Each structure stands twice: as C-alpha cells, then as structure tokens.
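Here is a short briefing on one chain. Take a look at the model first, then follow the points below.

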Amino acid sequence: MKFCVVFSLLFCIFIHSVYAINGSITGQGTKEDPYQITDAADLQKFTDPTYGNVFWAAGVYSQLVADINLDGITIPPIGIPPINFMGHFDGNGHVLSNVQVELLSWNTVGLFMNVLAGASVRNLGLENVSVLGQKTYAGGLIGYNAGIVTHCHVTGTVEGYYQVGGLVGWNDQNGQVLNCSSAADTSGFASDIHCTAGGLVGENDGAIVACRATGNVHAYSGKDTGVAAAGSLAGKNDRGSIQNCYATGNVSAEATYTKAGSLVGHNGGALILNCYSTGNASAIATLTTYVGGLCGVNLGTVRASFCCMSPSCGYISWPGMEQNVFCVSSSGMQVRSIFTDVGWDFVDDGNGTEDTWRMCVDGVNPPRLWWEFSPGDVACPDGVAITDVHALAMSWLTDDSDLNFYENTDLNDDQKINMLDFIILATHWMEQ
Ligand SMILES: [Ca+2]
Ligand SMILES: [Ca+2]
Ligand SMILES: [Ca+2]
C-alpha cells in the first residue's frame, strides 16, 4: 500500500514536471519533432535558464514557427553557464524583431551567450536588435560561438567592450559562420583594455564563408597603451579564415595604437581569400596608426581580393603576404572578369560549380553572393525562368555527401536536391 502511494506521488510529480517544462511549447525536441516556438511567451520560456537543461541540451532540436515581435520585452541570453547552448535552433526563415537582450554581469552577451561545438543556429533573422555588453564578448546573435551558424541575419545596434561583432562577438576555432549577413552598426568602447570590433564578427579564429557585412564599425580604447582594431567584416582575423565575403561599411578606430581595415582590422596568422570591401577606413592614434582598404595590419595571407581604398593593407609584416590583391575604382568593381581572372567562382562561368558569386551583367553592382537572390533564381539571367529549372536538373538528386553538391540549388536547405526544391522554384516562378 505504502509503495502504491509513493508510486502515485512520484507519477504525479513526473506528470506535473512534464507539463510545467513543456508549457505551451509543443514538440518532443527531436530532429523529427522539434520543440515549436510560436510566440513571445514561448520564447521567454525558451530563454529562461530554469529550463536550460531541457531546451539547450546537446541533441535537442527547436524551431520557430512564426515571426515574433519582442517590442517591450527584455529577455536573458540563451546558453548561460553552466548550461551552455549545445542544441540545434532553426529559425525556419522567421524573424525575431526588436530583440533586446538583458544586460547581465556576465562576460558574454548576445541572443545566444555561449554556443558550443556541435551546436547549430540556422535560418534566423534578428531585426532591430539591441545588444549592450559591458565586458568581453558581445554579438547581435551570439557572444561566443564554437558551433555552426548558417543563413542568419542581423540588423540593429551592437555595443560592447572588448570583442564586439554585429553577428558574433568571438568566433572560436571550431566556429563556422556560413551564408550570414549583418547590417548592424557595431561599436566597442573599452576604457582599460584593447578593443576589437567588426561588422559581422569581433574576433575570428574559426571560419567565415560567404558572408556580407554592411554596417558601420567603430572601435575605441582609452587605455594608455591600448589598441583599437576595427574591420567592416571582422575586427581581428587571428587564426581563422575568411573566404568569399564582402563588406561595404565604413570603419574607424581610436586609441594609442590603431588598426583599421575596410574588411579586417588585424589579420594575424590567418587567411583572407576571395573577398572584397568598398567602404572607407580611418583612424585616430596618439602613437601609431595602420589603415588599409582590406586590412589595417596583415601578418597572414591575403589572396585574390579587392578593395577601393589604397593601400590594401596599412602594414605588412613577415610572414604576411599578398597575392593577387588589387585596389580598384568602384566602377572597376562592377566588371566580372577582374574576379574570374583570379579564380572566383561565379554563376554561369567556367570556374567551377560552387557558383558562390553572381554578376549576370557588368556595370550594375559589385559581385553578390548566391543566397542574396530570391529562392529559385539560381542561374543567370536574374529572375526565375526555364534556365533555373535547367540548373536544378543538373544537380538533381545530389546531396551534401556528393562531390558535385550544388548548395545554391538546395532551396529548402535540407542537404538534398529533389522535388521539394523544384516545388519552391516553381512557386517563385509562378509568383512573378
Ligand atoms: Ca561557376
Ligand atoms: Ca534566373
Ligand atoms: Ca533540398
């Protein structure tokens, strides 16, 4: 009898806890049946550290099923230690608007605070984000990232102290930022330490691939011997790589020692490949200043890249090197052949099948990335037409394990090219 009472009690507690945890968030948290976040109340529950062990754990899948306006609501960051974010968050192409992340006494701030290796954040838009960090890492989407971030975008303002980025504050060694963009204005103000600010990423030790940054960037250090590094894409590219990216914002740095680059402030033992920048860089320094169209300082390798401002790098120190790096006029930036001549892979060229870049006609715009065009419009000419059906057919039934995987025809981002992608293409064709 006693056993039955205890068992019933435990069962009631179990049932209560299940309902208390799930609340209005439906789903099982599996890949097949992810947790579904439908409104601001759900998101507040998802960001509540009380439920971190449930929603942020490794192998747990969650997704947005609607756009959510968070106007007037302040939320804590997702992934606050000791429960870092290790799950998989899919925005499903939805937008969180007016995101205001609560200022905490933690070192790191962003919608996500710590995203660890194995975790992912994808297909998520943050519009009119407001992030204000007082200590080390601050990013509009993520403060510290060692996971995979893909197809995310941010607009708004990000202010921080040490490593500040429009999308990610610090992208660590395992971190990958793919097919993302930031239009956020980014600024770092440090009184007693060095400051690093970038339009997309503050400091990069991982990989940034096929990304765009269009916001303005400012870095300030008030320390006596302080260094301010500012880049329109990344403040510092220390040990990582930046490939097939571009930046258009203006950059300024102010400190005793300054490094300002229209793409990257400080390129350490790192790679910059197939990138361009069109913005201006400027700096105020009481002792030393390095300013360049691509990098303020280059100690690494810059290849096959373009800028509008000369010199391409303000200071190059051994073993820094430049290979096929050019400063061209803004109209020169609208000629496809200058890029294909040094190996860039465009839609409808002979330089490979990844087709990362696109410029169907000379003299209109500098190159743009494949994901900037509407779904279904995968081939030249611009607009969805029979030529796009042909491009889809050429990659039909491939998947991401295939050497010939054509990512830009994977329109629903499920790593396979099949009928689901054709339906998306056909829908956009009919809408025209
Ligand atoms: Ca190509
Ligand atoms: Ca087309
Ligand atoms: Ca697909």
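Strand S21 (residues 201-204) and strand S26 (residues 234-237) pair in the parallel sense, over 3 bridges. Within this pair, valine 201 stands opposite alanine 234 in S26. The model is predicted.

**The eight-strand sheet**
- S21 and S26 belong to an open sheet of 8 strands, with parallel pairing.
- The strand order is S8-S12-S16-S21-S26-S30-S34-S36.
- Strand S8 (112-115) and strand S36 (313-316) are the edge strands, and each pairs on one side only.
- From one strand to the next, the twist averages 5°.
- Strands of a sheet pair through backbone hydrogen bonds, in either the parallel or the antiparallel sense.

**Strands S1, S2 and S5**
- S2 pairs with S1 in the parallel sense over 3 bridges.
- Leucine 64 in S2 is the bridge partner of isoleucine 37.
- S2 also pairs with strand S5 (residues 88-90), again parallel and over 3 bridges.
- Here phenylalanine 89 in S5 is the bridge partner of serine 62.
- Side chains alternate along S2.
- Ser62 and Leu64 point to one face and are buried.

- Which residues of helix H2 (residues 40-47) are buried? They are Asp42, Leu43, Phe46 and Thr47.
- These residues cover an arc of only 130° around the axis, so they sit on the same side of H2.
- An α-helix has 3.6 residues a turn, so residues three or four places apart point the same way.
- The buried residues of H2 pack against helix H3 (52-55).
- They also pack against four strands: S1 (35-37), S2 (61-64), S3 (68-69) and S4 (74-75).

**The chain as a whole**
- Its secondary structure comes to 6 helices and 39 strands.
- The chain is divided into domain 1 (13-327) and domain 2 (373-432).
- The C-alpha centres of the two domains lie 29 Å apart.
- The C-alpha atoms fill a box of roughly 85 × 60 × 35 Å, taken along the principal axes.
- Of the 432 residues, 51% count as buried.
- Among contacts between residues at least 6 apart in sequence, 67% join residues at least 24 apart.

How values were computed. Residues are numbered from 1 along each chain as its sequence is written. Chains are lettered from A and ligands numbered from 1 in the order in which they are written. This is a predicted model: local features need pLDDT of at least 70, side-chain atom pairs count only at pLDDT 80 or more; totals for chains, interfaces and linings use all residues. Domain bounds come from an automatic or database domain assignment. Helices (H or I, at least four residues) and strands (E, at least two) are DSSP runs, numbered from the N terminus. A residue is buried if 20 or more other C-beta atoms lie within 10 Å of its own, exposed if 12 or fewer, and partly exposed in between; C-beta atoms are placed from the backbone. Two residues are in contact if their C-beta atoms, placed from the backbone, lie within 7 Å. The arc is that of the directions from the helix axis to the C-beta atoms. Two strands pair if DSSP finds at least two bridges between them. Axes are lines fitted to C-alpha atoms, for helices over the stretch in contact, and angles run from 0 to 180 degrees between N-to-C directions.
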